[in-house]
Structures are given as C-alpha cells and as structure tokens.
Amino acid sequence: QDEETQHSLECIQANQIFPRKQLIREDENLQVPFIELHGESTEYVGRAEDAIIALSNYRLHIKFKESVVNVPLQLIESVECRDIFQLHLTCKDCKVIRCQFSTFEQCQDWLKRLNNAIRPPSKIEDLFSFAYHAWCMEVYASEKEQHGDLCRPGEHVTSRFKNEVERMGFDMNNAWRISNINEKYKLCGSYPQEIIVPAWITDKELESVASFRSWKRIPAVVYRHQSNGAVISRCGQPEVSWWGWRNADDEHLVQSVAKACASDSRSNSNKLMNGNCSRDFSNGGDLSDVEFDSSISNASGAESLAIQPQKLLILDARSYAAAVANRAKGGGCECPEYYPNCEVVFMGMANIHSIRKSFQSLRLLCTQMPDPGNWLSALESTKWLQHLSVLLKSALLVVHAVDRDQRPVLVHCSDGWDRTPQIVALAKLLLDPYYRTTEGFQVLVETEWLDFGHKFADRCGHGENSDDLNERCPVFLQWLDCVHQLQRQFPCSFEFNEAFLVKLVQHTYSCLFGTFLCNNAKERGEKHTQERTCSVWSLLRAANKAFRNLLYSSQSESVLYPVCHVRNLMLWSAVYLPCSSPSTPADDTCAPYPVPGSSPEDQPLGRLPKTRSFDNLTTACDSSVPTTNRRSSDPSLNEKWQEHRRSLELSSLGNPGDDPFDGDGLSKQGRAPVGAELSVAAGVAEGQMENILQEATKDDVGLEEHLRGSLETVG
C-alpha cells in the first residue's frame, strides 16, 4: 500500500509540477515531426526554408529534405543570427547547426525562442531529466510495473567504495584505514564521505591538513596496485602563499603514504630500488619529448640511477611557473626541503581557459565549409592534440612509477577537480584491466569524477544560473578523447567500443539523465538527483550489445603503455566532425545529427559506407590462422587498425526504437514495451573492427552488409 501511495504521489508530481505546455503551430497543417519522450512536450512547430522546425522542452528538431537535426537543448551552447535569415547554433560537442528562414521576422522569433530555451536553469528541476523521470514513473505506476534496473545503476556502482577496497586488497589491519571525517560532508563539500588514509593518521591531523590544502581537499588514497602495493593519492594544492607557510601534519601525512605502502603486509615481497622515472622540472617548462622518452625508458634495478626506495612522486599537473604564480592567490606547491622523501615533478598541463580556447579553435576548424586546404596545419594550430599528448604523458608517468618502480604517487593541480581526475582516472585505466570493462569504467567515472567533485554543472553549463562562461570547459570530453586514443592503440583491451564513448559524450550534456548534474556528491544528495532522475548507466550497461567491443579479450595486456606523441594521435572524427564522409557543398545546411527512426537505407549514399563483417566473429576468431591470437600491441595489427580507422570513419546513422536521445526508444502506451525502454541500436565500430580482423587474418569469410545503425550522434 505504501508503494502504491508513493506511485500516486509521483503521478501527481508529474502532472502538476511538470505539466505539458500548449503547442503553438505557425501553420495549422503542421504536426509534431517526432515521437515525444515521457515528460516531453512540444511548444512550437513552424517552417524554415525547405525544413520543418520544432522546439520542445527537451530538444530542437529540424527536418530537412534529406537530413534531420535532432539535438537536446542543453547540448546547444549559443544561438546567433547570421546573414539576416540564417540561425547559427554552436553545440558543446563541437557541432554547428545552420538553419535558413524565409523572413527576417521569423528568424528573429526562433532566435528568441531558442535563447530562452537554452538559458541555464534558474532551478535544477527545470532540467528535462526530472520531468522525464517523473513521467516515466507515472507510466510504470499505470502499468503496475517496477522501474527497477531501467533507471538505476547496478550494484557495482552503488556499492563501489566497499567493493573497490576489497578488490584492490588494502591491508586494513596494519597499513590503511577508512576515515569517516567527511561524514555528511562536514569537512569538505566536494569529497566523498569515506576516504582511505594511512592507519596511524588521526582525524585531528586530517583536520589540520584540510586547513592547509585548497578547498580542504586533503591527500586521499584512491588506488592500490594489487601486486606491489604502491598507491595513487590525490588532493588539492598546498596553500603555501607568498609567506611560505608550511604544515607539519600535511608533511607527516604525505610521508606516511609511502610508509603505509611499505608496511602493507601484501606488498612486502621483492622490494626493488626505484628507477628515476621522472625528472624534477624546476624551471617550469613542459617535459620535452626527449626528456619524457628518456625518463620512461630508464629501467628499474641496479642499472638505473639509484634513489631512495619508496620515494613518493608528487606529480603537479601545472607548470612550475603556474604553480609559483598560484602563491599570489594563496596556493603554491610542495617545497622539496619540507617533504624529504618525495620528488616533485611539474607536467605543464594547460588550465581550463587554455583548453577552452583550444576547443573553440577546434570547433571552428571542424565546421568550416568547404573543407580547408590547410587542414593539417590548422589542426596543429588548435593545439588540441598537443594537450591530449601532455595528458597521456602525465598519466603514463604515474603508471611507470606505480607499476615498474613500485613507488606511491600523489597527484594534484590547483583545486584538484579538473586536471587531477584526468590524470588519475587515465592512470587507473592504464594500470587495471577491471576499469577497461564496461562495469569497471562506470565505477571509474563515478569514483574519480563524481565522488571527488568534478564541477560538471559549471564546466558543462547546465547548473543553476551557471552563466559564467569562464567556468565552462570540456574537461571530461578531453579525458574521453584520451580514452578513445587508447582504444585505437589497444583495440582488444576494452570491453566497450567507440559508440559507448560517443554516447557518453552526448549524455554528459543532454540532461536526459541525472548522472552528471550538480558540481559534487553533496549537491546531488541535497537535490535527491539519484531518486528523481535516471542514471546514464541504465543505458550504457554491460548487457547492451550495441556497445560491446567484439575484439575484446580479457587476456590482453594487464598494464597498457601507450605511445603519447602527437604524431600517434588522431582527431576523434565521430565526435568532432559534422559527418564521417567528405561533405559536398549542398551539405552546408545539413544536420550534423542523424535521423531518429530512420534505417540505413534511408540515408544519403554518400554517408553510408559498406563494410564486410563476419556472421559469427567467434567462429572467425577460431580460424586456424594464428595471427588472431596476437597481443593487441602487435605492430602489424595496430598498423591495420590505424589504416582502417583513417579510411573508415564511423557513419552517423540513426536506428528506430533504440535510444532515448532519438526519442524513439522509450516506451509509451501503444509503442515499445517498457522493458525495452533504454535499449540502443547496434552502433559501433563493429564493422570496422571486423574489417581489421579480416585483413589481419587474411580470412576470406566476410559477407557484404551495411553497418547497422552506427553511432547516432543524437543518442
């Protein structure tokens, strides 16, 4: 009875708090050109030049003769009027949309409507994810079904902290302990409630350390190498300031991390002398390629320059100059004299303002019509790939220290919620095969990005009154791009495919799900987002075959050592380019987003590459040709991979009845069953991967078929 009462209250909320809006038609003969999601109501339908345009509380939909724009409102960054009759929409995922109108007045009307629609919400409930969930609950209540797994993440996500402590084998008897000093976020509002610290560090000492670290973000252990016991910790910068303040408890805590590693009962076998994995960079410049290569190539053991065993590596993501400049604002960096068993390295990573500028340059380049003749030099001038390279190098230094030299590492930048999660999450991905599974990757994102307070609301611009453009930056997108680069270099090491990452990019901004709302876990708890919105992991779940990498092998490399040079990195065309095939002049106003509810046969032939694939990839892998059993780092296999990925970019094609981003996959009465609500079309680089495998094995078993509903950019 209590459950029925709860359902009734939710139904009341859906109807009264999120009422449907009155539809305004510019022409009485016009109909809404798409199937609405639960809680979605179309407000305007009109005619553009050679197109029908519709605006709902969730999306902008423009139906041209041969293409369709279908983009969530929160994915749109800005709208402006160009050439009097043309609307120019810039999207947060690098796409640009153009729509031509017949009259200036009509263009201005739609400009005002769109600017009102994309304005940051005055209250969080204005975001569509709340209305969507409430109306979904009403449907479930009316059908007397449990929403269960369709809206919630799995147990591996909800119990992630306990599971991770057990999985990584922390010695909780002698070396480490779980502190509840941040229970109810009373110490730090942007940290999780439970943190791992050395066993002998008291909560009183932690309070003292918090007073010395930026935003009270104290050093917290987030990863333990299961073989040698070395750990990764993260924190905010020390508040040294111009006065040169120091804190004895902070110095004790940092050195205790290294001591705890040594005392860990499971990590005391075969202690090796540490190789000099990185160089002090006191002049503040970036590590050059030569310096980076030499530091990575130094072998552990007697041949290398011997330094003190278990010397903790402090990796500061900033340049030395930036770290010193932060002293003027009360920040700074660790002084090696005060942290005697530590080595400090500066990586020279750019701040959010430089990354934002680089991304804007990339977006301008990728949307130029026609294709610029100086493409490669223009791409270089954006510095986007250079930024990815520095990030990968930073993570690789952490991996080298932890895996090869058995050294603990402490990572921080300024505040510890932008560059720090990028480095730490990427290092964990390289170190641990678990995070390269679908479930493990979900845990990684939840832990390093959500629990430790990356400011998604400010960085994505969908927070309450988040009008400050200086706070916006595609930090998470940049990290996902690095994950994509790893997928290219190690095609057999990830359980999920490229389509998984592309969907995650889209739903980071879409606000269809509540996973990436607010700036930290404390805010999400206060707003009850977990109870009032759906989780993105209910879509990107392990059981969804659309996101499964058919080349995945659980026996692939345990630790990944990627090539980080710019020349080995590639533009993520599936995300940044309007379409995967060369555009024709007629495509100038074409949508970068695919048609929801269309089949591959409906698409223009220029966007539909044919591919050869195996009917049964498992059978194909059992071929007598031995090359299928190569390691994924095999140079000849990677050459095939790179060659095909250059020539066969993913086609942005829709598929009916699959993804809530399309507005076609969620159940309504008379439509798809509720149980199939969050399924997605098979859309991966599966066809491409099979091509690679076929080429590598010289197996002529391929059959002609179209790539099935690949990578809908509208999710």
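## Helices H12 and H13

In this predicted model, the axes of helix H12 (residues 384–404) and helix H13 (residues 419–431) come within 8 Å and cross at roughly 55 degrees, and the two helices are therefore oblique to each other, an angle under 35 degrees counting as roughly parallel, over 145 as roughly antiparallel, 65 to 115 as roughly perpendicular and the rest as oblique. Helices here are DSSP runs of H or I with at least four residues, strands are E runs of at least two, and both are numbered from the N terminus.

In the contact (heavy atoms within 4.5 Å), residues of H12 including Leu 391, Leu 392 and Asp 403 meet residues of H13, among them Gln 422, Ile 423 and Leu 431. The residues of this contact divide into twelve nonpolar, two polar and one charged, with Ala, Val, Leu, Ile, Met, Phe, Trp, Tyr, Cys and Pro counted as nonpolar, Asp, Glu, Lys and Arg as charged, and the others, Gly among them, as polar.

## Positive phi in two loops

Most residues other than glycine have a negative phi. Asp 83, in the loop between strand S6 (76–82) and strand S7 (86–91), has a positive phi near 55 degrees and is exposed, with a relative accessible area of 61%; exposed means over 50%, buried under 20% and partly exposed in between, with a 1.4 Å probe and protein chains only.

Asn 465 lies in the loop between helix H15 (456–460) and helix H16 (475–489), where its phi is also positive, near 55 degrees.

## Basis of the values

Residues are numbered from 1 along each chain as its sequence is written. Local features need pLDDT of at least 70, side-chain atom pairs count only at pLDDT 80 or more, and totals for chains, interfaces and linings use all residues, while side-chain values use heavy atoms, with hydrogens and water left out.

Definitions and conventions
Axes fitted to C-alpha atoms, helices over the stretch in contact; angles between N-to-C directions.
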